[in-house]
Amino acid sequence: MTRVRALIKGKNFKRLSWSLGSRLGSTVLSFVVLFAASRSLETADYGLYIFLFSVGTSLGLIFTFGQHVLLVKHFRVQDHRRGKTNQRLLRVNALWLGAGCGLQLIAALGVWLVSDRLPAPYDALPVALVFGAVFTLGEYLQNYFRIHGQIVMALVPRENLWRALSALALPAVAYAGLLSGGVMAMEVVTALLFVLVGFQTACFLMREGMTFLRARPGEPAIPWGAWTRETMVFSANGFFLAAAVYFETIVIGLAIGLEAAAFYFVAYRIAMLLTLPVLAIDTVGVPLIAAKFQEDDRPGAQRLVSMLSAGSFALAVLGGVFLFVVGPFVLHLFDPAFVEHEDVLVLLSLAAISHAFFGPGTWLAMIGGGETYLLKMRSVVFLVYVAGLLGLGVAFGLAGVAIASWAQLVVVHALSRRWVMNRWQVDNMATSALWLWRNRHRMQGQDRPQESAHARS
């Protein structure tokens, strides 16, 4: 609690407030955009829009090739001078991003040239690929401004302003009789994103110029080997991040139907509201936990992790009860036909509560030195998950997809917890707070951590 109070009183609190406020606003505005699109389009066109948006966003995340993470890891903000420092890193970023954006744009052109011979929805993929290219650049710039402490410039253009403009533009275009379908809706949001990312790009060039694109005489060689290995690891993690959020919607759109994909995407977004407490942990708690790890203060890390996990789980359970009551009404607002799949929303909500139960489990593995283990483990689990997704999807439809998603989440978190327990003897499950409370007197003043009875069970 001392660290939390110090953080609140510190100079970074304003940035933290902007970050949390922007993230919360982004979540709310995402629902507003979804609702505006659902009211502006027929169900089939709405499904096509959701499908194209999911494809474009997932490709945008994948084709950053992890450069936004490489930037955060290696950029030296202190004493940074335009055209003098961090030039090699910016040049490598530019090459990888150019390749990622270029591949998507070339693919968009290729698909567009043969689109008249492709069945739906594949003929509409060019707009998703263009959106993905713009999203790739936006993802990188968001992290660039974040490391400079410019939280407003980092988050507001894409997380808030773009969504707000999209929520206004879609109904306006529909009211004017110009919204011809899901492809047109995707073109509208792509154009708005292009404008706002273009603004961020202009601000970036004003700060850095373009001298980083060419090597200076006497400049040290780029450490291609090390940075390429990190790029591959970060790219793989980017794939799993994109798959966790959009893979199921894309598969449903292709295998079951666009209307089903539209419902699943809406239900997933509603259920993910229950993970907002976990977002607070990631934003505020993880740096504090990392400090405990660096100090090898395992009892302190255990107390902090238990408190945060128990708090997020309690809030998620309360939110889940509320959502169980109001969920059907929310689904009805989007489309009355969605209500018949209420059971899928319940399953996705239980998955979100399970996520909260494990707290920052995967983050603990990442910051505790287990990033390679996490990547290998996720790769194996993903293969099993795909097989389960196909099998359960065929057997139980959308409910089977939700069950497969829930099972994958629990397995990843359980294996992450196992690694953290073996490496740090820290239990990240919410129930660790019960053991901590029962043994609070014994834990006080303890120099070395003791594995909890709950952790050994």
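**Close-up views of a predicted model**

View 1. Glutamate 139 and arginine 158 form a salt bridge, and their closest N and O atoms lie 2.9 Å apart. This pair links distant parts of the chain, with glutamate 139 in helix α6 (residues 125-147) and arginine 158 in helix α7 (residues 151-175), 19 residues apart. Both glutamate 139 and arginine 158 are buried. As in every view here, the structure shown is a predicted model.

**View 2. Arginine 158 and glutamate 159.** A salt bridge also joins arginine 158 to glutamate 159, where the closest N and O atoms are 3.3 Å apart. Arginine 158 has a relative accessible area of 6%, so it counts as buried. Glutamate 159, with a relative accessibility of 5%, is buried as well. The cut-off for this label is a relative accessible area under 20%.

**View 3. The salt bridge of aspartate 427 and arginine 417.** The closest N and O atoms of aspartate 427 and arginine 417 are 2.9 Å apart, and the two residues form a salt bridge. Aspartate 427 sits in the loop between α16 (398-424) and α17 (432-438), while arginine 417 belongs to helix α16; the pair links distant parts of the chain, 10 residues apart. Both aspartate 427 and arginine 417 are buried.

**View 4. Helix α6 and the residue that comes just after it.** Helix α6 has 23 residues and reaches 34 Å from its first C-alpha to its last, close to the 33 Å expected at 1.5 Å a residue. Of these 23 residues, 20 are buried, so α6 is largely enclosed by the rest of the structure. Just after α6 comes glycine 149, which takes a positive phi of about 80°.

View 5. The peptide bond from alanine 120 to proline 121 is cis, and its omega is near 0°. Proline 121 lies in the loop between α5 (87-113) and α6.

View 6. Helix α13 (residues 342-357) has 16 residues, which should span 22 Å at 1.5 Å a residue; the C-alpha atoms at its ends are 23 Å apart, which agrees. Buried residues of α13 include Val344, Leu345, Leu347, Leu348, Ile353 and Phe357. Two serines, Ser349 and Ser354, are also among the buried residues of α13. Glycine 359 follows α13 and has a positive phi, near 55°.

**View 7. Leucine 52 in the largest nonpolar core.** The largest nonpolar core has 101 residues, of which Tyr46, Tyr49 and Leu52 touch the most other members. Apart from this core lies another one, of 16 residues, among them Val305, Ala365, Leu374 and Val426. Leaving aside neighbours within four places in sequence, leucine 52 is in contact with Ala124, Leu125, Val127, Ala128, Val183 and Met186.

**View 8. Two residues other than glycine with positive phi.** Phenylalanine 65 is not a glycine, yet it has a positive phi of about 55°. Phenylalanine 65 is found in the loop between α3 (43-62) and α4 (67-74). Its relative accessible area is 16%, so phenylalanine 65 counts as buried. Glutamine 425, also a residue other than glycine, has a positive phi near 55°. Glutamine 425 is placed in the loop between α16 and α17. With a relative accessibility of 25%, glutamine 425 counts as partly exposed.

View 9. Cysteine 101 has a relative accessible area of 16% and is buried. Cysteine 203 is buried too, with a relative accessibility of 15%. The count of disulfides in the model comes to zero.

**View 10. Confidence along the chain.** The average pLDDT of the protein chain is 84, and 88% of the residues score at least 70. Over residues 447-457 the pLDDT stays under 50. For residues 447-457 the model has 20 contacts beyond four places in sequence.

Notes:
Residues are numbered from 1 along each chain as its sequence is written. This is a predicted model: local features need pLDDT of at least 70, side-chain atom pairs count only at pLDDT 80 or more; totals for chains, interfaces and linings use all residues. Side-chain values use heavy atoms; hydrogens and water are left out. pLDDT is the predictor's confidence in each residue, from 0 to 100. Contact means heavy atoms within 4.5 Å. A disulfide is a pair of cysteine sulfur atoms within 2.5 Å. Buried means under 20% relative accessible area, exposed over 50%, partly exposed in between (1.4 Å probe, protein chains only). A nonpolar core is a set of buried Ala, Val, Leu, Ile, Met, Phe, Trp, Tyr and Cys residues joined through side-chain atoms within 4.5 Å. Helices (H or I, at least four residues) and strands (E, at least two) are DSSP runs, numbered from the N terminus. The expected span of a helix is 1.5 Å times one less than its number of residues. A salt bridge is a side-chain nitrogen of Lys or Arg within 4 Å of a carboxyl oxygen of Asp or Glu.
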